[in-house]
Amino acid sequence: MPEVKLVNVTKRFGEVQALTNISLTIEDREYVSVIGPSGCGKTTLLRIIAGTIEPDGGEVRVDGKPMREVPPEDRGIAYVFQNLLLFPHMNVVENVSYGPVIRNRGRRETSRVVSDILRLMDLHLRGEASPTELSRGMQQKIALARSLASGSSLLLLDEPLSTLDTRARYELRHELRELVKDVGLTAIHVTHDQDEAMSVADRVVVMRKGSLVDSGPPVALYEQPRTPFLARFLGGECNFLEGVIASSERDFTEIAVGDLLLQGPPSSLKIGERTLVAIRPEHLTFDSRRKVGIPARVEDAQYLGVFTRYRLRTDSGLEMIAKRFSGEQVFMRGDRVSVSMDRGAVNLFPAPGEGVKEATSIE
Amino acid sequence: MPDLALIDVRKKFGYVVALKDVDLHVADGEYAVVLGSTGAGKTTLLRVASGILQPDAGEVQIDGKTVNHVPPEDREVGYFPQSYALFPHMTVQENVEYGLRARGESREEASERVFEVLELVGLARRARSLPSELSGGMQQRVALARAIAPGFKILLLDEPLGALDAILRIELRHELRLLARRLGATVLHVTHDQEEALFLADRLVVMRRGVIEQVGHPREVYDRPDSIFVGNFVGEMNFIEGIVTAGANGSSVFESKGLALTMPHGQSVEGRQAVLAVRPENARLNLTDRRGENVLRARVISTTFSGGVYRVRVLLPGDRGFTAKTPHVPGFRAPSPDEEIYVQLHPSDLLVYPYPPQGLLKALAYE
């Protein structure tokens, strides 16, 4: 029953502060994804849990037991890397057996474990195949099967899908989640892909510049970002508008953005205070008939499959990005529309002191 | 008028056929995107177009003239290779200048041009930086500036956004589209990223194992795929095996274990083994209402959320796994596991194909 606890973990590489006071508990059987821009420290965090890097300060505990003196191979961890490391001269069964064999299990026991895992992962018909005959997606599944064959129930995944093509990555992430849940593993999955992070995990941990900035269930983080950075980083594109609080009522707030007056949810910001408004593109609605709403024109319409992305220009000159499900009414470049949004879709932040650009920087 | 054509191009590497009689025409000012998985032949296609590789058979034409025997440096195409390398000891400016100087331009001519293109990619202020001082996204833009600096009207781009984090890829693809428009360039761009391809392409080319499977406007390819392979590869798709029979009033009905669905008019493969295809976002979820055409009872297996969309896995009658997608709207209550809901499959959203002789799995394989 692996529960992982990090207490005030810090790590420095020379001048670079890679991790600053990270405290985080991952519950037994929880699937946690860790996401952040390149260089945010997410891989260092994973390696510290695995034991391949020692923290400078703080502690890692697994099931309450401090790991400081425990070498990586005794931590009971299955680690899956970004790069496929299969033995090309061994077939699938031999590759997957490699873990248990070096752990000195009996031949019969090994063979039972391996065939169970291959069956579970729908690979049992390919046991005799050489890795080179299989697609890259399949090869990554075999690497995963091999790490699970060691019998550990704590799975660390370091960008496990990032070398795969988009289509294979998409399929495998759903399989990965099902597997972790079916077997009852505890999983920590590091990725740079927001959609992947949100669709695999029970909880998403967001890191930036060596610190943990937020953590929560995917929908909660998406619906209520605590900072402008989070609004931009989780969910892809986001509309940011600078405004001033015009009125503050018990159940709504009015925000002046240029000539426009928007309504948002109640807020602790004071009248006259500068604010940064964040609205997700999929939360803007618009149509061509209604009179209420913000008058605007469609400047560009792009088909993205599930969604169509619209670039709108309000008559007052603001640019807004909207995304609508492609099955709904389609608009063309030049169409006149009126834009509206639910109060709940309006996120209000105090105007960031460092400027909008810096506050929302993802590099 | 720069247009680019590949006519019946064939290329083999040993026993592997990398390109099988590929016919592709990119019109002047058009942005064509080739979408395929690893090993589909995308990079080979670009290298043949650039002149780095000679085809075994077929022709490459630029502006209607055959260029098979014109060396790469004289074809007047800008090429962005998949693994671009910036010179680490040279500044941004020097990196971009390098290609121009190698072509014999004077320092003055070159430096003016360099600032123009750096301005275009938004890096004019970083001209004196070293690559190592720039972020990954900025380095990618420098490499792009280097490819467009000679001012050629044809650009060949091999995974130009490939090395970037997901969110930067999305941002840079907007820039790339604007840039191509501003330059009036004819572009051939290859990628394995479906959304990137749909976003950028005026014309989408889907490749598999050296063969072009479909060419068309993105919307046409996505909404009306020629084959179940294309339907599954350019986006997610549900498939149900069954047979089509005649229904009342000249309509047809798709039948499969536990379900019967009214088909759209004009789609008949009657009496034969068939495959029904439905996009997850076209399946309408209804938590309580069972009225209407083609409404099926469904049991929820799981709900996942990402990028503004809920992906709901359900079991349809006959214990058939099915995926539906629904947009996130504030206040939406996602259905929970084991909940009984209804799924409506509107006839106009149903596509039907003959059952593939090689079986479903083989027909869908993309590597």
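1. Domain bounds here come from an automatic or database domain assignment. On that basis chain B splits into domain 1 (4-230) and domain 2 (236-364). The C-alpha centres of domain 1 of chain B and domain 2 of chain B are 38 Å apart.

2. The model is predicted: local features need pLDDT of at least 70 and side-chain atom pairs count only at pLDDT 80 or more, while totals for chains, interfaces and linings use all residues. Residues are numbered from 1 along each chain as its sequence is written, and chains are lettered from A and ligands numbered from 1 in the order in which they are written.

3. Chain A contains nine helices and 20 strands (DSSP runs numbered from the N terminus, helices being H or I of at least four residues and strands E of at least two). Its C-alpha atoms fill a box of roughly 75 × 45 × 35 Å along the principal axes. Of the 363 residues of chain A, 42% are buried (a residue is buried if 20 or more other C-beta atoms lie within 10 Å of its own, exposed if 12 or fewer, and partly exposed in between, with C-beta atoms placed from the backbone). Among contacts in chain A between residues at least 6 apart in sequence, 65% join residues at least 24 apart (a contact means C-beta atoms, placed from the backbone, within 7 Å).

4. In chain A, six strands make an open sheet with mixed pairing, in the order 6-7-8-3-9-10 (two strands pair if DSSP finds at least two bridges between them). Strand 6 (77-80) and strand 10 (211-216) of chain A are the edges; each has a single partner strand, so one side of each lacks a neighbour in the sheet. The twist averages 15° from one strand to the next (axes are lines fitted to C-alpha atoms, for helices over the stretch in contact, and angles run from 0 to 180 degrees between N-to-C directions). Within this chain, strand 7 (residues 154-158) and strand 8 (residues 186-191) of chain A are parallel and share five bridges. A:Leu155 stands opposite A:Ala187 in strand 8 of chain A.

5. Chain B has an open sheet of five strands in the order 15-19-16-17-18, with antiparallel pairing. Its edges are strand 15 (283-286) and strand 18 (320-327) of chain B, each with a single partner strand, so one side of each is left without a neighbour in the sheet. Direction ignored, neighbouring strands of this sheet are turned by 45° against each other on average. Strand 15 of chain B runs antiparallel to strand 19 (residues 340-345) of chain B, joined by four bridges. B:Ala283 stands opposite B:Leu345 in strand 19 of chain B.

6. Helix 4 (residues 136-148) of chain B has 13 residues, which at 1.5 Å a residue should span 18 Å; the end C-alpha atoms are 19 Å apart, which agrees (the expected span is 1.5 Å times one less than the number of residues). Eleven of the 13 residues of helix 4 of chain B are buried, so this helix is largely enclosed by the rest of the structure. Among the buried ones are B:Gly137, B:Arg141 and B:Ile148. The buried residues of helix 4 of chain B pack against elements including helix 2 (92-102), helix 3 (107-120) and helix 5 (166-183) of chain B.

7. The contact between the chains takes 36 residues from chain A and 36 residues from chain B. On the side of chain A that touches chain B, the largest share, four residues, comes from helix 6 of chain A.

Methods:
Two residues are in contact if their C-beta atoms, placed from the backbone, lie within 7 Å.
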